[in-house]
Amino acid sequence: AKQRGKGKYAIFDPIMHSQVVERLQMENDLRHALDNQEFILNYQPIVNLESSVIEGFEALIRWQHPKKGLISPFKFISITEEMGLIIPLGQWILKTGCQQLSTWQKQFNYPLKLSINLSVKQLNNSLITTLDEILSEYEILPNTLSLEITESMLIENLESTFYLLHQVKERNISISIDDFGTGYSCFSYLHRLPVDILKIDRSFVHNLEFNHHNQLITESIIVLSKSIGMSVIAEGVEAVEQKNWLKQHGCSWGQGYFFSPPLLPLQATMVLEKGSYQ
Ligand code: C2E
Ligand code: CA
Ligand code: CA
Ligand code: CA
């Protein structure tokens with residue numbers, strides 16, 4: 001029996017076994033989560049660093065598991081991708097976010113922005129169909145909606161993504177590069193893509209006030225984005241020193257715990273009533 005090798009015994013490894021069980025359980029629960037309305041979008045303010053006005057939000061998903069409580073997107077997004085569930089979930093995220101945006105734009109009567117994260121699996125023609133449905137169903141100004149993609153998603157299939165993103169742009173919807181600087185950092189593709197916003201990854205913003213290396217990178221991204229007519233948002237702003245440094249170096253927007261964590265829809269409405277962090 002010993003001859004059958006490690007692979008045969010691995011399945012009886014109690015730790016591995018419990019991981020397999022947990023994963024299967026998670027998949028099972030995820031299959032019903034959308035129908036059971038267990039997902040919720042939180043909204044994190046994006047703030048104009050000059051005026052402290054809240055000009056937009058980023059939508060961030062959470063899973064309210066009936067027994068396990070709140071589950072982070074890090075724990076379930078990749079599983080929903082492997083299960084193919086990210087397609088209906090992605091549509092739900094886009095529709096729910098845009099419905100909320102439309103409500104806020106009417107209530108506060110100004111062109112508030114909303115940024116929505118996309119999964120690489122959503123980058124196909126069904127995205128365009130979903131966007132067209134949304135634009136006809138909810139009254140939003142298309143250019144107030146931005147779709148966040150990462151550099152690695154671009155590299156994976158540059159030709160088809162290039163085509164798809166131009167279709168998004170034809171609808172006047174804007175495109176942001178998320179976690180900018182952490183991926184391939186290949187500036188050359190930016191000219192070919194209809195990108196409007198660069199989001200400086202929070203790893204550069206962390207310790208920005210002390211770390212010379214991060215200052216150099218952040219400054220180059222700000223200068224670069226301005227030279228090609230893009231807007232720039234700093235993620236993960238946690239301290240007043242970071243906010244001030246960014247403001248002094250010409251970064252237009254900031255997002256992070258210094259201003260606010262991601263908020264429940266009702267809390268987000270309340271901060272919009274105040275309008276700014278001044
Ligand atoms: P991300 O797009 O880079 O989102 C920013 C993450 O940083 C969020 O984590 C946010 O809560 C966190 N954050 C915000 N401010 C600060 C700060 O000042 N300091 C620190 N340390 N962190 C901050 P979250 O909500 O757990 O989301 C994690 C990731 O899950 C996101 O990273 C994104 O990649 C993914 N994700 C979230 N919502 C969605 C979604 O609706 N669709 C898809 N496809 N992915 C999503
Ligand atoms: Ca993001
Ligand atoms: Ca990010
Ligand atoms: Ca990230």
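Predicted model: local features only at pLDDT ≥ 70, side-chain atom pairs only at ≥ 80, totals over all residues.
Three elements each supply at least two residues of the shell around ligand 1: strand 2 (54-65), helix 3 (73-83) and strand 6 (174-180). Strand 2 gives the most, with four residues.

Ligand 1 sits in the largest pocket. There are 22 residues around ligand 1, and those that come nearest are Gln44, Arg62, Arg202, Glu238 and Tyr257. Sorted by class, the shell has 10 nonpolar, five polar and seven charged residues.

Some of the contacts with ligand 1 can be followed atom by atom. In the case of Gln44, an N or O atom of the side chain is 2.9 Å from a nitrogen atom of ligand 1. Asp178 has a side-chain N or O atom 3.0 Å from an oxygen atom of ligand 1. Glu58 places a polar side-chain atom 3.3 Å from an oxygen atom of ligand 1. Taken on its own, ligand 1 has 800 Å² of accessible area, and the protein covers 85% of that area.

Which residues hold the calcium ion (ligand 2)? Its protein donors are Glu58 (OE), Asn117 (OD1), Glu148 (OE) and Asp178 (OD), and they lie 2.1 to 2.3 Å from the ion. Along the chain, these donors follow the spacing E-x58-N-x30-E-x29-D. Asn117 belongs to strand 4 (residues 113-117) and Glu148 to strand 5 (residues 145-150), so this pair ties together parts that are 31 residues apart in sequence.

The next ion to look at is the calcium ion (ligand 3). Asp178 coordinates both this ion and the calcium ion (ligand 2), and the two ions are 3.8 Å apart. The donors of the calcium ion (ligand 3) are Asp178 (OD), Asp179 (OD), Glu235 (OE) and Glu235 (OE), at 2.0 to 2.7 Å. The spacing of the donors along the chain is D-D-x55-E.

Asp179 leads on to another ion. This residue has its place in strand 6, one of the elements that supply at least two residues of the shell around ligand 1. What coordinates the calcium ion (ligand 4)? The listed donors are Asp179 (OD) and Asp179 (OD), at 2.6 to 3.1 Å. The calcium ion (ligand 4) and the calcium ion (ligand 2) are separated by 5.9 Å.

Read together, these sites share residues. Asp178 has a side-chain atom 3.0 Å from an oxygen atom of ligand 1 and coordinates both the calcium ion (ligand 2) and the calcium ion (ligand 3).

Terms used:
Residues numbered from 1 in each chain as written. Chains lettered and ligands numbered in written order. Heavy atoms only, no water. Near = heavy atom within 4 Å. Polar contact = N/O pair within 3.5 Å; in protein donor to acceptor, adjacent residues only side chain to side chain. Areas by Shrake-Rupley, 256 points an atom, 1.4 Å probe, with all protein chains shown as cover. 1 Å grid on protein atoms, 1.4 Å probe; cavity = no way out; pocket = protein on both sides within 12 Å on 5 of 7 lines; lining within 4 Å. Sits in = over half its atoms within 2 Å of the grid points. Nonpolar A, V, L, I, M, F, W, Y, C, P; charged D, E, K, R; others polar. Donors = N, O, S within 2.8 Å, 3.2 Å for Na, K, Ca; no water.
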